[in-house]
Structures are given as structure tokens and as C-alpha cells.
Amino acid sequence: MNIVISGTGLYTPPDSISNDELVTAFNQYVDLYNNQHAEAIATGDRTALEYSSSEFIVKASGIQSRYVVDKAGVLDPTFMRPRIPERPNEQPSLLAEMAVNAARQALDNAACSAEEIDLVIVACSNLQRAYPAIAIEVQQLLGCGGYGYDMNVACSSATFGIGAAADAIRSGTARRALVVNPEITSAHLDFRDRDCHFIFGDVATALVIEAEQDCRAEQAFRILGTKFETRFSNNIRNNFGFLNNSHPETRDSRDKLFMQNGRKVFKELLPMVTQVIGQHLEQQQLQASDFKRFWLHQANLTMNLFAAKKLLGRDPESHELPIVLDRYANTSSAGSVIAFHLHSADLQSGNRGILSSFGAGYSVGSVLLQKC
């Protein structure tokens with residue numbers, strides 16, 4: 001049975017923050033902090049914070065702006081995080097609301113109704129709550145049948161979700177699946193940390209997965225194969241969870257937000273990425289040169305350029321390696337799907353592309369696609 005991605009959707013929050021805006025707020029915070037702790041800094045008991053700059057951000061990541069669910073809170077130097085009012089249980093959760101917005105577009109593009117979906121997977125890095133599953137809430141809000149569940153493989157959640165959906169359809173436990181990737185990454189980012197305050201943005205993506213024989217979409221991409229690999233590493237970590245409440249002494253410590261050792265991640269993860277994709281191509285008796293498009297995880301421009309060059313044996317051309325992180329920043333699991341959503345319509349029937357994710361875990365996902 002051939003399985004296809006028949007529709008994609010993208011929800012972008014209305015607020016965008018430029019590097020200059022972010023840096024202005026961060027540097028105001030630095031001044032407040034250094035003034036507040038001037039005496040301790042003078043005696044050497046504290047270290048003065050350093051300014052950030054737009055040039056530093058672009059050089060380190062390639063990011064120029066990002067979308068967020070709340071701009072005012074992030075740019076308030078006395079608050080520096082999104083202000084997200086808690087909603088009563090009778091209202092849709094914010095994560096589900098974003099997911100539904102992306103899902104409806106994906107359903108329209110797939111030319112199918114929500115009632116025809118019998119599997120909903122919400123695959124993302126940070127779930128709004130422990131239970132009930134966000135996926136079941138999305139299922140109810142859209143009016144889908146069947147069943148749903150949440151899954152988390154950090155930045156690789158979307159590709160792992162595609163694989164799980166395709167396997168469910170092949171096995172007969174579902175006929176059509178909806179994989180949704182809502183990411184409110186601004187809420188797990190420490191905007192007071194110069195090394196990472198610029199990295200993340202908010203977004204939601206969605207994909208409809210179904211058997212090719214059932215597809216009614218104007219354009220679809222056949223899944224030629226999937227390959228996944230994980231290896232444990234502490235170099236990208238977030239220790240927030242319900243057990244924090246059992247140890248209030250460290251409940252608000254720095255490690256309850258996103259943390260990474262960037263140099264080790266670059267050194268250890270990139271070889272794993274190119275190895276997994278290379279092995280996948282070999283298994284499918286294909287070469288990187290057989291692919292017109294590389295929709296890679298949108299975390300860091302240098303990482304993407306390095307991975308593509310390693311696979312191709314040459315520098316990639318801009319049309320081969322679409323970049324969206326300059327506008328969206330790192331959106332975790334959604335990044336490669338944004339690139340796929342925005343940069344796939346121009347491909348011709350028979351053209352192939354690689355959708356790949358990599359991140360915390362470590363985790364790597366490779367999905368080989370061919371336009372129908």
C-alpha cells in the first residue's frame with residue numbers, strides 16, 4: 001500500500017519580533033540586572049551580564065525574526081516571557097486552538113473532511129498539560145472519529161508522527177490520519193539567557209496522511225520510506241515536569257527551561273544526522289543527487305548547510321535547501337514541515353525530496369518523499 005502526504009497546513013501567530021526588538025529588550029534587562037547587583041558585581045560575587053546584538057544572533061544562527069503568541073510579555077524587560085492567561089477547562093486550550101487552525105488548512109488542501117479522519121496525533125516538543133491528551137481535544141474540536149494520542153520526540157516529533165501514522169494506515173488501525181505539530185516554544189525559552197534568548201518561535205503545522213488510493217488532493221507526496229534513530233544525550237534538555245512540585249526548592253531553577261550545550265550538539269548530532277540519512281538512502285538504493293529538495297530541521301543555518309553539503313558532496317543551491325528559520329526561528333518539530341509546506345508546490349511529478357528532523361534525544365527522523 002502506497003501512503004501519501006495529501007495535505008499540509010500552517011498557522012502563524014500574528015506577532016513577529018525582529019532581532020533588533022529582541023535585543024533592545026534584552027539589553028534593557030541587562031542594564032536593570034547590572035544596576036541592581038552593582039555592589040556584588042564590584043566585589044566579584046556576581047558576574048555582570050553582557051549585551052546581545054542582532055549581528056551576534058545572525059552569525060550564531062541565521063535567525064532574523066520569530067513569531068510568538070504574545071509579543072508584549074517577551075519584550076517587557078521586567079517579565080521577559082509570553083503572557084498567556086490560563087483558560088477555564090470549558091474553553092479550548094491554546095495548544096489545541098493552534099493545532100486546529102493548522103489542521104483545517106491541511107484538511108482543505110487534502111480535499112477531505114474532519115469526519116474522514118480516524119487518527120489524530122499531536123506530535124510536539126512541549127505539551128500544555130499531562131492529560132487529557134491534546135490530540136483527543138483536537139479530535140473533539142474538529143469532529144474527527146477514531147482515536148488520538150500525544151507523542152513527544154522533541155524536534156523530531158513531526159517526522160516520527162508521520163511514520164506512526166503511515167504504519168497505522170498500513171496495519172489497518174486507521175484509514176486517514178492527521179498529524180499536528182503545535183509549538184509554543186517561547187514559553188520554554190529563557191529570554192534572559194544571552195546564549196539562547198533568540199532561538200525559538202511559535203507556530204503550528206499539520207499534515208494529512210492517507211493511502212494513495214484514497215487521495216483526492218490536487219497534489220500529494222508518496223512516502224518512499226522512513227527511518228528513525230535515537231541516542232540518549234543530556235546536551236539538549238528541559239527538566240520541567242509535574243515532579244518539580246515535589247521538590248519546591250528547585251522548582252524554578254534555570255534547568256526548568258530549555259538548555260543546551262551548543263558546541264557538543266553540533267559536534268555530536270550532525271554526524272548522526274548525515275549517517276542516518278545516508279544509510280536510509282542506501283537502503284532505498286538512492287543517492288542524495290536523486291533528490292531535488294531537502295526540507296531539513298530549521299534550527300541553525302550553519303547546521304543545515306553543513307548537513308546538505310555532506311550529503312551532496314557540494315554546496316547546496318538555495319532552491320535545493322529552503323530556509324525558513326530566518327523568519328520563523330527554530331520552531332522545534334514544526335520547522336521542516338514549514339519548509340515543506342511553503343516550498344513543495346513547484347516540484348514536478350516524480351521529483352523526490354527529503355524531509356528530515358534532528359534534535360533533543362538525540363533524535364533523527366528521515367522521510368523520503370516523491371511527488372505523485
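Author: S93 counts as buried, at 5% relative accessibility; buried means under 20% relative accessible area, exposed over 50%, and partly exposed in between, with a 1.4 Å probe and protein chains only. The model is predicted, so to speak of local features requires pLDDT of at least 70 and side-chain atom pairs count only at pLDDT 80 or more, while totals for chains, interfaces and linings use all residues. Residues are numbered from 1 along each chain as its sequence is written, and side-chain values use heavy atoms, with hydrogens and water left out.

S93 sits in the loop between α4 (71-75) and α5 (94-110). Helices here are DSSP runs of H or I with at least four residues, strands are runs of E with at least two, and both are numbered from the N terminus. A polar atom of the S93 side chain lies 3.2 Å from the backbone nitrogen of A96. That pair is a polar contact: two N or O atoms within 3.5 Å, where within protein one must be able to donate a hydrogen and the other to accept it, and residues adjacent in sequence count only if both atoms are side-chain atoms.

Apart from neighbours within four places in sequence, S93 contacts R87, Q128, R129, I134 and E137, contact meaning heavy atoms within 4.5 Å. I134 is 41 residues away along the chain, yet its C-alpha is 8.2 Å from that of S93.

Nine strands make an open sheet of mixed pairing, in the order β5-β4-β6-β7-β1-β8-β13-β12-β11; two strands pair if DSSP finds at least two bridges between them. β5 (147-151) and β11 (293-295) are the edge strands, each with a single partner, so one side of each has no neighbour in the sheet. From one strand to the next the twist averages 25 degrees. Helix α6 (residues 134-142) packs on this sheet, touching β4 (119-123), β5 and β6, and its direction makes about 140 degrees with that of β5. Axes are lines fitted to C-alpha atoms, for helices over the stretch in contact, and angles run from 0 to 180 degrees between N-to-C directions. Another helix, α8 (residues 262-283), also packs on the sheet and touches β8 (221-230), β12 (352-359) and β13 (363-371), at about 135 degrees to β8.

β4, one of the strands that α6 touches, has 5 of its 5 residues buried. In a regular strand the side chains alternate between the two faces of the sheet. In β4, L119, I121 and A123 are buried on one side, and V120 and V122 on the other. β4 runs parallel to β5, joined by 5 bridges, and L119 stands opposite Y147. β6 (residues 176-184) is antiparallel to β7 (residues 202-211), with 9 bridges between them; A177 in this pair faces I209.

Helix α7 (residues 157-171) is largely enclosed by the rest of the structure, because 11 of its 15 residues are buried. Among them are F160, I162 and I169. α7 reaches 21 Å from its first C-alpha to its last, close to the 21 Å expected at 1.5 Å a residue, where the expected span is 1.5 Å times one less than the number of residues. G172 follows α7 and has a positive phi, near 95 degrees.

N304, in helix α9, is buried, with a relative accessible area of 0%. A polar atom of its side chain lies 3.1 Å from the backbone oxygen of H297.
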